[in-house]
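Visitor: I am new to this structure. Please show me how to read it, one feature at a time.

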Amino acid sequence: MFSDMKALPETKESLEQLKRMTERIPGMIFQFYRSAAGRMWFPYLAGSATLIRGVERRLLADNAHHAFERIDAEDFPRLMTAIERSAKTHNPLATQFRLRQPDGEVHWIAVRAQPESLSGGTLWHGLMVDISEQVAYQAHLRELSDTDELTGLANRRKLMARLDEEISLSNRHGTPLSLMLIDLDHFKRINDTWGHLYGDQVLTDLATLCTNTLREEDLVARLGGEEFAVLLPLTPLSRCQPLAERLRKYIAEHDFGITPGRVTVSIGVAEHRVGESREVLIERADRGLYAAKHAGRNRVAGSE
Ligand SMILES: Nc1nc2c(ncn2[C@@H]2O[C@H](COP(=O)(O)OP(=O)(O)OP(=O)(O)O)[C@@H](O)[C@H]2O)c(=O)[nH]1
């Protein structure tokens with residue numbers, strides 16, 4: 001088979017073959033030109049027609065705008081900056097962006113191109129590939145690594161990352177931010193009396209109760225074992241405390257399938273203080289939790 005694959009001389013046939021081949025590759029090869037005055041177009045564009053569906057290549061040969069207007073508004077400035085930088089530094093253009101197709105579907109496109117400085121502007125020689133599947137797979141992996149397997153809630157890792165983001169917003173804008181630490185009371189006793197599988201069911205039900213009681217913007221996470229946390233953006237302690245109280249009551253009255261009143265939680269609450277670190281905020285909520293346990297459990301407590 002390989003013996004048939006001799007390099008062909010550049011005849012009309014070999015050019016035809018090259019054209020047929022480029023039309024079948026799962027991506028596009030292109031030349032992209034930007035004049036010193038900022039006009040942009042594609043002097044050459046070949047490859048899978050599905051990548052830029054519904055845009056006539058003839059039009060792109062005159063003005064790249066016909067493709068650019070399909071690029072996601074968030075990604076467009078980043079692409080323009082990458083083009084600018086590549087032209088200036090002569091380093092390859094390497095970026096990715098979302099492209100809207102005529103049916104509304106959004107595809108992720110990766111672009112790699114080598115710039116060549118010409119007297120009137122810059123000419124890039126490159127390729128574009130649809131990377132939507134890889135991007136979706138990466139998002140799936142990220143979600144798995146951020147999720148608690150038993151309850152489907154966010155895990156400790158995800159909570160810490162969100163805490164950092166929210167603390168930084170709270171520091172910048174002075175907006176309120178509260179944290180609840182929730183711990184099941186005498187969970188060991190529940191496990192010992194009803195079995196570990198039943199204990200698992202209680203943890204899952206508790207996760208559902210928390211999620212149903214709180215707002216969508218609140219992040220409910222399982223920190224591990226029988227400890228949960230809720231992060232409440234834009235919420236001062238004066239609102240967090242009654243919410244925690246409502247949640248505590250809701251759980252104590254919920255029928256977990258054993259005598260009502262057997263499953264209770266203690267909750268520690270704290271509001272972030274501007275400039276305070278993540279660790280100190282958690283420590284204060286934890287002190288509240290300890291105080292709630294110490295005062296007899298099935299209650300909410302804050303700490304200074
Ligand atoms: N079923 C189940 N049990 C767990 C899981 N993770 C931790 N536990 C159990 O949770 C119990 C925690 O016990 P302790 O730390 O003594 O706390 P507690 O019994 O809840 O007592 P207080 O917190 O003081 O009210 C232990 O029995 C652990 O085995 C889990 O994923 N599933």
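**A guided reading**

Guide: Start with a hairpin: strand 3 and strand 4 form one, with 5 residues between them. In its turn, G104 has a positive phi of about 90°. Keep in mind that this is a predicted model.

Visitor: How many bridges join strand 3 to strand 4, and in which sense do they run?

Guide: Strands of a sheet pair through backbone hydrogen bonds, either parallel or antiparallel. Here strand 3 (residues 93-100) and strand 4 (residues 106-118) run antiparallel, joined by 8 bridges. To find the pairing by eye, look for F97, which stands opposite I109 in strand 4.

Visitor: What does the hairpin of strand 1 and strand 2 look like?

Guide: Strand 1 covers residues 28-35 and strand 2 covers residues 40-47. They pair in the antiparallel sense over 6 bridges. M28 faces G47 of strand 2. There are 4 residues between the strands, and G38 takes a positive phi near 100°.

Visitor: Which residues of strand 5 stand opposite F30 and Q31?

Guide: Strand 5 (residues 121-130) runs antiparallel to strand 1, with 8 bridges between them. F30 has G126 opposite. Q31 has H125 opposite.

Visitor: In what order do the strands of this open sheet come?

Guide: Read across the sheet, strand by strand. The order is 2-1-5-4-3, five strands with antiparallel pairing. Strand 2 and strand 3 are the edge strands, each pairing on one side only. Neighbouring strands are turned by 25° against each other on average, direction ignored.

Visitor: Which strands does helix 4 lie across?

Guide: Helix 4 (residues 76-89) lies across strand 1, strand 3, strand 4 and strand 5. Its direction is at about 155° to strand 3.

Visitor: In the other sheet, what is the strand order, and is the pairing antiparallel or mixed?

Guide: This open sheet has 5 strands in the order 7-8-6-9-10, and the pairing is mixed. Strand 7 (219-224) and strand 10 (300-302) stand at the edges. Each has a single partner strand, so one side of each is left without a neighbour in the sheet. On average, neighbouring strands here are turned by 25° against each other, direction ignored.

Visitor: How many bridges join strand 6 to strand 9?

Guide: The count is 7, and the two strands run antiparallel. I182 has I267 of strand 9 as its bridge partner. Helix 10 (residues 278-294) packs on this sheet, touching strand 6, strand 9 and strand 10. The direction of helix 10 makes about 145° with that of strand 9.

Visitor: At what angle do the axes of helix 8 and helix 9 cross?

Guide: Look at the axes and how they cross. The axes of helix 8 and helix 9 (residues 237-253) come within 10 Å and cross at roughly 140°. That makes helix 8 oblique to helix 9. The crossing is right-handed. Helix 8 makes the contact with L206, L209, C210 and T213, and helix 9 with R246, L247, Y250 and I251. These contact residues divide into 6 nonpolar, 1 polar and 1 charged.

Visitor: Which residues are closest to the ligand?

Guide: The closest are D185, F187, K188, G199 and G225, among 16 residues that surround the ligand. Strand 6 (177-184), helix 7 (187-194) and helix 8 (196-213) each supply at least two residues of this shell. Helix 8 gives the most, with 4 residues.

Visitor: How many residues of the shell are nonpolar, polar and charged?

Guide: The shell holds 4 nonpolar, 5 polar and 7 charged residues.

Note on methods. Residues numbered from 1 in each chain as written. Predicted model: local features only at pLDDT ≥ 70, side-chain atom pairs only at ≥ 80, totals over all residues. Pairing = 2+ DSSP bridges. Near = placed C-beta within 6 Å. Nonpolar A, V, L, I, M, F, W, Y, C, P; charged D, E, K, R; others polar. Axes fitted to C-alpha atoms, helices over the stretch in contact; angles between N-to-C directions. Contact = placed C-beta atoms within 7 Å. Parallel < 35°, antiparallel > 145°, perpendicular 65-115°, else oblique. Left-handed = near helix turned anticlockwise from the far one by under 90°.
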